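Keep the structure open and look up each residue as you read.

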Amino acid sequence: MKTKEQLISFIQKQKTAFLGSVDEDGFPNMKAMFAPRKIEGNCFYFSSNTSSMRAQQYLKNPKASIYFYQRGRFKYEGIMLTGTMEVLQDDDIKREIWCTGDTMYYKQGVTDPDYCVLKFTAIKGRHYCNLKTESFNIGDIE
C-alpha cells in the first residue's frame, strides 16, 4: 500500500476527479469534476454550484465517494475513497479555494449564493495498480 503522502501526491497530479453521490431512490450517481482545490489531511475540497443536483443530493444523503485514476500505455492506477460530503457556505473557505476565472461559473464572485464548497472527508479506500487491489482505512495508513 502507498503511504498517505504517496496517495496525496498521486491525487494532486490528476486533473479530474469523479465524485459519487446517492440519489433520492438510493442509486449511485457519478460526475466528473475538476481536481480538488485543497487537500488537508483526509479532507478534499471542491468548488460547486449550490443549485447543482449533486450538492442537493449531498444535503439529503452525505454518503459519497471520489475516484482518481491515471492511465498509462502499460499501466493503470486508480484510487477510490469513500466517506462523507458536506456542502459548505462558509465565506472563509469559499475565499480560500476561490480561483481567478471562477467568475465564469459564479457571476457574482466569491459571495455568489450559487457558489459553494464541497468538503469530502475520506474514511476508507481502495487502491488498484499492477493487477492488485487493496482496501485500506484512512486512519491505518501512514
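1. Is glutamate 96 buried, partly exposed or exposed? Glutamate 96 counts as partly exposed, because its relative accessibility is 47%. Here buried means under 20% relative accessible area, exposed means over 50%, and partly exposed is in between (1.4 Å probe, protein chains only). Before we go on: this is a predicted model, where local features need pLDDT of at least 70 and side-chain atom pairs count only at pLDDT 80 or more, while totals for chains, interfaces and linings use all residues. Residues are numbered from 1 along each chain as its sequence is written, and side-chain values use heavy atoms, with hydrogens and water left out.

2. Now for glutamate 96's partner. Side chains of opposite charge can pair when their charged atoms come close. Glutamate 96 forms a salt bridge with lysine 38, at 2.7 Å from N to O; the term means a side-chain nitrogen of Lys or Arg within 4 Å of a carboxyl oxygen of Asp or Glu. This pair ties together distant parts of the chain, 58 residues apart: glutamate 96 sits in helix H3 (residues 91–97) and lysine 38 in strand S3 (residues 38–40). Helices (H or I, at least four residues) and strands (E, at least two) are DSSP runs, numbered from the N terminus.

3. Lysine 38 has another salt bridge, with glutamate 40, at 3.6 Å from N to O. Lysine 38 counts as buried because its relative accessibility is 16%, whereas glutamate 40, at 45%, counts as partly exposed.

4. Look next at lysine 119 and glutamate 86, a salt bridge whose closest N and O atoms are 4.0 Å apart. Again the pair links distant parts of the chain, with lysine 119 in strand S7 and glutamate 86 in strand S6 (residues 76–88), 33 residues apart. Glutamate 86 is partly exposed, at 36% relative accessibility.

5. The largest pocket holds about 270 Å³ of space, and 16 residues line it, with Met33, Ser47, Ser48, Asn49 and Tyr106 closest to its centre. A pocket is an open set of points, on a 1 Å grid over the protein atoms alone, with protein on both sides within 12 Å along at least five of seven lines; a cavity is a set where a 1.4 Å probe fits but cannot get out, and lining residues have an atom within 4 Å of a point. Strand S2, strand S4 (43–49) and helix H2 (53–60) each give at least two residues to the lining of the largest pocket.

6. The second largest pocket has about 150 Å³ of space. Its lining has 11 residues, and His127, Tyr128, Cys129, Asn130 and Lys132 are the closest to its centre. Strand S7 (115–129) and strand S8 (132–137) are the elements that supply two or more of the lining residues.

7. What about closed spaces? There is 1 cavity of 30 Å³ or more, and the largest cavity has a volume of about 50 Å³. Its lining includes Lys4, Leu7, Ile8 and Phe44. Helix H1 (residues 4–12) provides the largest share of that lining, 3 residues.

8. Last, find phenylalanine 34 in strand S2 (residues 28–34). Phenylalanine 34 counts as exposed because its relative accessibility is 57%.

Note on methods
Points joined across faces, edges and corners; volume = space filled by probe spheres on them.
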